[in-house]
Amino acid sequence: MYDADGNLDKNHLVEAYAPLVKRIAYHLMAKLPASVHLDDVIQNGMLGLLDAISRYEEGLGAQFETYAVQRIRGAMLDGLRENDWLPRSMRRDMRRIESAVHSLEQQNGRPPTEIELAESMGMPLAEYQRMLQDARGHQLVYFEDFTDEEGEDYFERHLGAHESNPADLFEQANMRSALVKAIEDLPEREKLMMALYYDEELNLREIGEVLGVSESRVCQLHSQAVARLRSRVMGTARADAGSGTGARRGRPPKTPATGA
């Protein structure tokens with residue numbers, strides 16, 4: 001890492017850690033829509049690596065790779081935030097899939113197959129799978145999902161809260177339990193794919209090699225698994241809100257003004 005004069009050898013570091021940039025980019029791509037180009041993500045990551053090299057000091061008490069990963073990933077995310085990379089049409093399509101998942105699960109008492117989902121949405125299987133492919137980047141939870149019936153969003157309800165009340169703790173535990181159960185109920189292939197991606201941190205190509213399918217097929221499985229989990233988790237959130245445990249958390253209710 002150091003040259004003959006005891007300074008950081010920047011050229012050597014760039015060459016040595018360029019594969020790390022690519023690995024982080026490949027892993028991140030599963031969470032991004034098809035409109036995002038891998039080369040753009042890698043380029044932003046390389047800028048993050050250069051920034052890490054210029055800022056790193058041995059006295060920080062952290063290994064360079066640990067520090068570099070943070071800067072690389074941060075630069076990639078900063079680059080994505082500068083563009084509107086999540087089209088509204090993507091969320092709309094995924095909402096349709098989530099609705100179909102929920103309806104068929106209620107009807108059949110089991111996770112629906114791809115063919116059943118495509119039929120319920122009135123489209124050929126190939127078109128449904130193409131929708132999953134295009135929906136790459138759809139997240140498990142968005143903050144706007146938790147906007148309450150009065151239009152107050154998640155941050156407004158929680159920003160002023162300094163401690164959790166029993167209703168908050170109950171709801172959080174309930175949501176975690178629902179997510180754990182939803183993961184357990186995933187079809188075996190989707191459950192394995194999620195474990196390889198989130199636990200083992202394999203990228204889509206590596207997961208495809210394990211499962212014996214193409215990278216695009218892994219992408220479809222990921223989008224479908226997220227839709228199944230969102231259908232279950234958001235159903236739990238709506239049920240909590242309906243029972244009153246999720247209403248206007250984090251602030252005391254407003255006291256009506258009374259006449260003098």
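View 1. Ser120 has its place in helix H5, which covers residues 114-120, in a model that is predicted. With a relative accessibility of 42%, Ser120 counts as partly exposed, because that class lies between the 20% limit for buried residues and the 50% limit for exposed ones. Once its neighbours within four places in sequence are left aside, Ser120 is in contact with Ala100 and Leu104. For Leu104, which is 16 residues away from Ser120 along the chain, the separation of the two C-alpha atoms is 8.3 Å.

**View 2. The protein as a whole.** The secondary structure comprises 11 helices and zero strands, and the pattern read along the sequence is accordingly α-α-α-α-α-α-α-α-α-α-α. Of the 260 residues in the protein, 39% are buried. When contacts between residues at least 6 apart in sequence are considered, 68% of them join residues that are at least 24 apart.

**View 3. The largest nonpolar core and the contacts of Ile72.** This core has 23 residues, and those with the most contacts inside it are Leu32, Val41, Leu49, Phe64, Ile72 and Met76. Two or more residues are given to this core by each of helix H1 (10-29), helix H2 (38-55) and helix H3 (64-81), with H1 providing the largest share, eight residues. Ile72, leaving aside its neighbours within four places in sequence, is in contact with Leu20, Val21, Ile24, Gly45, Gly48 and Leu49. In soluble globular proteins, nonpolar side chains tend to be buried together.

**View 4. The packing of helices H4 and H6.** Helix H4 (residues 88-108) and helix H6 (residues 125-134) have axes that come within 10 Å and cross at roughly 130°. H4 is therefore oblique to H6, since this angle falls between the 115 degrees that ends the roughly perpendicular range and the 145 degrees above which helices count as roughly antiparallel. The contact is made on the H4 side by Met90, Asp93, Arg96 and Ile97, and on the H6 side by Tyr128, Met131, Leu132 and Asp134. The crossing in which H4 passes H6 is left-handed.

**View 5. The packing of helices H9 and H10.** Helix H9 (residues 188-199) packs with helix H10 (residues 204-211) at an angle of about 140°, the axes being 10 Å apart. This angle makes H9 oblique to H10, because only angles over 145 degrees would count as roughly antiparallel. H9 passes H10 in a right-handed crossing. From H9, the residues Arg189, Leu192, Met193, Leu196 and Tyr197 meet Ile207, Val210 and Leu211 in H10.

**View 6. The aromatic pair of Tyr197 and Tyr198.** A search of the whole structure finds one aromatic pair, formed by Tyr197 and Tyr198, whose ring centres are 4.7 Å apart and whose planes stand at 85°, an edge-to-face arrangement. Tyr197 has a relative accessibility of 0% and therefore counts as buried, whereas Tyr198, with a relative accessible area of 38%, is partly exposed. Tyr197 is also one of the H9 residues that meet H10.

Technical notes
Residues are numbered from 1 along each chain as its sequence is written. This is a predicted model: local features need pLDDT of at least 70, side-chain atom pairs count only at pLDDT 80 or more; totals for chains, interfaces and linings use all residues. Side-chain values use heavy atoms; hydrogens and water are left out. A nonpolar core is a set of buried Ala, Val, Leu, Ile, Met, Phe, Trp, Tyr and Cys residues joined through side-chain atoms within 4.5 Å. Buried means under 20% relative accessible area, exposed over 50%, partly exposed in between (1.4 Å probe, protein chains only). Helices (H or I, at least four residues) and strands (E, at least two) are DSSP runs, numbered from the N terminus. Contact means heavy atoms within 4.5 Å. Rings of Phe, Tyr and Trp (its six-membered ring) pair if their centres lie within 6.5 Å; planes under 30 degrees apart count as stacked, over 60 as edge-to-face and the rest as tilted. Axes are lines fitted to C-alpha atoms, for helices over the stretch in contact, and angles run from 0 to 180 degrees between N-to-C directions. Angles under 35 degrees count as roughly parallel, over 145 as roughly antiparallel, 65 to 115 as roughly perpendicular and the rest as oblique. A crossing is left-handed if the near helix is turned anticlockwise from the far one by less than a right angle, and right-handed if clockwise.
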